[in-house]
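Visitor: I have a structure to go through with you. Can we take it question by question?

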Amino acid sequence: WKRDASSDEVDGHLFGYAFYFDLAADPAEKKRIAALVDRIVGGIVDHGFVLRDIDGRATQWGNWSPQSLNHDPNWNVERNGNSTEILAHLGVAFHVTGKTRYRDAARTLVARHGYGRNLANLRYATPSEATHINDQ
């Protein structure tokens, strides 16, 4: 158990699960991956787009909630990148599980909470701002 997982860690895990699912997994492994992704992304959705630690508290950096990203000035700098992340997470979850709740959640974030606009505004002024934790 590792405490206080970040959005970047979720990015890396879901990236790996999606590629393994598509390129290498046998049917039994696909079921295991789908269950794991469902548990991770389902938990994030069920908790208002916030990653909860084993103790039930929000992790420091696992936050994709519309309230935080769009209305809390402390999260303003994370708005565009985290909007991109959660839409990708929901896409992976829909792809591997087939559960429409993930497609519907993504549509809600875009239509009601402006995540499409947030995504479109993902820009950096200098190359040094574009790091592995922001846009890749």
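Visitor: Is N70 buried or exposed in this model?
Guide: This is a predicted model. The relative accessible area of N70 is 19%. The cut-off for buried is under 20%. By that cut-off, N70 is buried.

Visitor: Which backbone oxygen lies 2.7 Å from a polar atom of the N70 side chain?
Guide: N70 sits in helix α3, residues 66-71. Leaving out residues up to four places away in sequence, N70 touches R79, H113, Y115 and N118. The backbone oxygen at 2.7 Å from a polar side-chain atom of N70 is that of H113.

Visitor: Within what arc do the buried residues of α1 fall?
Guide: The buried residues in α1 are S7, V10, L14, A18 and F21. Viewed down the helix axis, they line one face of α1, because they fall within an arc of 70°.

Visitor: Which exposed residues sit on the face of α1 turned away from its buried side?
Guide: The buried residues of α1 are covered by elements including α2, β1 (50-52), β2 (58-63) and α4. The face turned away from the buried side carries the exposed residues F15 and L23.

Visitor: What span does α1 reach from its first C-alpha to its last?
Guide: α1 has 17 residues. At 1.5 Å a residue, the expected span is 24 Å. The computed span is close to that, at 24 Å.

Visitor: In what order do the elements of the protein chain run from the N terminus on?
Guide: The chain has six helices and two strands. From the N terminus on, the order is α-α-β-β-α-α-α-α.

Visitor: What percentage of the accessible surface belongs to carbon and sulfur atoms?
Guide: Of the 136 residues in the chain, 35% count as buried. The accessible surface of the chain is about 8300 Å². The share of that surface belonging to carbon and sulfur atoms is 54%.

Definitions and conventions:
Residues are numbered from 1 along each chain as its sequence is written. This is a predicted model: local features need pLDDT of at least 70, side-chain atom pairs count only at pLDDT 80 or more; totals for chains, interfaces and linings use all residues. Side-chain values use heavy atoms; hydrogens and water are left out. Helices (H or I, at least four residues) and strands (E, at least two) are DSSP runs, numbered from the N terminus. The expected span of a helix is 1.5 Å times one less than its number of residues. Buried means under 20% relative accessible area, exposed over 50%, partly exposed in between (1.4 Å probe, protein chains only). The arc is that of the directions from the helix axis to the C-beta atoms. Contact means heavy atoms within 4.5 Å. A polar contact is a pair of N or O atoms within 3.5 Å; within protein, one must be able to donate a hydrogen and the other to accept it, and residues adjacent in sequence count only if both atoms are side-chain atoms. Accessible areas come from the Shrake-Rupley method with a 1.4 Å probe; for residues, only the protein chains shown count as cover.
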